[in-house]
Amino acid sequence: QVQLVETGGGSVQAGGSLRLSCAASEYTYSSKCMGWFRQAPVTGREGVAGIYTGGDTPYYADAVQGRFTISQNNAKNTLYLQMNSLKPEDTAMYYCAAGPGHCPRSVLAPRSFWLFDYWGQGTQVTVSS
């Protein structure tokens, strides 16, 4: 059974950094569209960053561009999200997800969420001011 397990969440002050990891088990990690998403209590799920594990330009939401970096270690079947200069509005539950094939340009839009077959259980990020 495919599992995606996120770790690395926590509580930090504004301006701090966190690194999230997403380990994929029983899953052929190569040549997949992988993404990070987040959901705050009062907002819907939103796309944060996406990447094609076969190698391509990553996608970022405008709100995190320049502060967050998505990366991967294919040998370890692990996806990362380096989050710097964190803001209180980044507070949310963060999820990773995986789907087949290349990431479309709309990968971070809600209309593309159906592309992702598997979702992790989430890891909480809390940023205090």
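Are Cys-33 and Cys-103 buried or exposed? Select both in this predicted model: Cys-33 is buried, and Cys-103 is buried too.

**First stop: Cys-33 and Cys-103.** Show the side chains of this pair. A disulfide joins Cys-33 to Cys-103, with an S to S distance of 2.2 Å. The angle about the S-S bond is 110 degrees, and the link is right-handed. Cys-33 sits in strand E4, while Cys-103 is in the loop between E9 and strand E10 (118–119), so the bond ties together parts 70 residues apart in sequence.

**Second stop: Cys-22 and Cys-96.** Select these two next. Here a disulfide joins Cys-22 to Cys-96, S to S 1.9 Å. Distant parts of the chain are linked, since Cys-22 belongs to strand E3 and Cys-96 to strand E9, 74 residues apart. The torsion about this S-S bond is about 50 degrees, so the disulfide is right-handed. Cys-22 has 0% relative accessibility and therefore counts as buried. Cys-96 is also buried, at a relative accessible area of 0%.

The count comes to 2 disulfides. With bonded cysteines counted along the chain, their pattern is 1-3, 2-4.

Now select Trp-36, Leu-81, Met-83 and Tyr-94, the residues with the most contacts inside the largest nonpolar core, which has 38 residues. Several strands each supply at least two residues of this core, including E3 (18–25), E4 (32–39) and E8 (78–83). Strand E9 gives the most, with 5 residues.

**Last stop: Leu-81.** Leave aside the neighbours within four places in sequence. Among the residues in contact with Leu-81 are Leu-18, Leu-20, Trp-36, Val-48, Phe-68, Ile-70 and Tyr-94.

Methods:
Residues numbered from 1 in each chain as written. Predicted model: local features only at pLDDT ≥ 70, side-chain atom pairs only at ≥ 80, totals over all residues. Heavy atoms only, no water. Core = buried A, V, L, I, M, F, W, Y, C linked by side-chain atoms within 4.5 Å. Buried < 20%, exposed > 50% of the residue type's maximum accessible area, 1.4 Å probe, protein only. Helix = DSSP H or I, 4+ residues; strand = E, 2+ residues; numbered from the N terminus. Contact = heavy atoms within 4.5 Å. Disulfide = S-S within 2.5 Å.
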